[in-house]
Amino acid sequence: MIAVDFTAEMEPRVAPDPARGATDERRHQRVRVAVLGRYMLADRREYPCQTVDMSPGGVRLSCAVRGEVGERVVLYLEHIGRIEGRIARHCADGFAVQLNATPRKRDKLASQLTWLANREMLGLPEGRSHERLVPTQPAVVLRIDGGKEVQARLIDISMSGVAIACPLALPLGTPVTVGSTPGRLVRYFEGGFGVQFLLPLSADRFHAGMTL
């Protein structure tokens, strides 16, 4: 396990000076991690996003819709969970968020980021048991590109994809609509395959009784 030092982020912080915010944020060590998620702006609009880099005190997002600097934003990131903060600055492909978190929450974030950083640097497989739910309604209809419909069973669900028990043999990359949720086939395992959603699920849909 490669240690990531987030000591600077654990120090008490004062309210940022808008004139120095970007400089202050850059002096804290960040790690490059790419995880999917969604964010909700102050008017409760919700959009998909992906992280670019992150520390226990801030995160930079790649996304289509940018809120206002200073606006409150709530994030739900796969492998991280729910976090919130304020938009600190705009970037070319999204925006950066200064997180509001207790010292205990920052400690937890530091541990999660160390795990994510090691997974990416060492090429480890995704932690299948983290942030995945076993659905209470596993039966589902798959719609394969071309109109074919197949009955299948959901094994587990994450915000970014689903594991499906199904005997079909389809090429990797095949478009598959799971219920009404579009995705593509990205991996095989014994007895089935994994589908990655084209857009991650919203946080309010992500629960064991959900219907895709």
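This is a predicted model: local features need pLDDT of at least 70, side-chain atom pairs count only at pLDDT 80 or more; totals for chains, interfaces and linings use all residues.
**Exercise 1.** Work out how strand E11 is connected to E10 and to E12.

Solution. 
- Strand E10 covers residues 175-178 and strand E11 covers residues 181-189; the two run antiparallel and are joined by four bridges. Across this pairing, Val176 faces Gly183 of E11.
- E10 and E11 make a hairpin with two residues between them, and Gly179 in the turn has a positive phi of about 65 degrees.
- On to strand E12, residues 192-197: six bridges link E11 to E12, again in an antiparallel arrangement. Here Leu185 is opposite Val195 in E12.
- The hairpin of E11 and E12 also has two residues between the strands, and Gly191 has a positive phi near 90 degrees.

**Exercise 2.** Classify the aromatic pair of Tyr39 and Tyr47.

Solution. 
- The model has three aromatic pairs.
- For Tyr39 and Tyr47, the ring centres are 5.6 Å apart and the planes meet at 35 degrees.
- Planes under 30 degrees apart would count as stacked and over 60 as edge-to-face, so this pair is tilted.

**Exercise 3.** Is Tyr39 buried or exposed, and what kind of pair does Tyr39 form with Phe95?

Solution. 
- Buried means under 20% relative accessible area. Tyr39 has 1% relative accessibility, so Tyr39 is buried.
- Tyr39 and Phe95 have their ring centres 5.4 Å apart and their planes at 85 degrees, an edge-to-face pair.
- Tyr39 belongs to strand E1 (residues 36-40) and Phe95 to strand E6 (residues 94-99), so the pair ties together parts 56 residues apart in sequence.
- Phe95 is buried, as is Tyr39.
- Together, Tyr39, Tyr47 and Phe95 make up one aromatic cluster.

Conventions:
Residues are numbered from 1 along each chain as its sequence is written. Side-chain values use heavy atoms; hydrogens and water are left out. Two strands pair if DSSP finds at least two bridges between them. Rings of Phe, Tyr and Trp (its six-membered ring) pair if their centres lie within 6.5 Å; planes under 30 degrees apart count as stacked, over 60 as edge-to-face and the rest as tilted. Buried means under 20% relative accessible area, exposed over 50%, partly exposed in between (1.4 Å probe, protein chains only).
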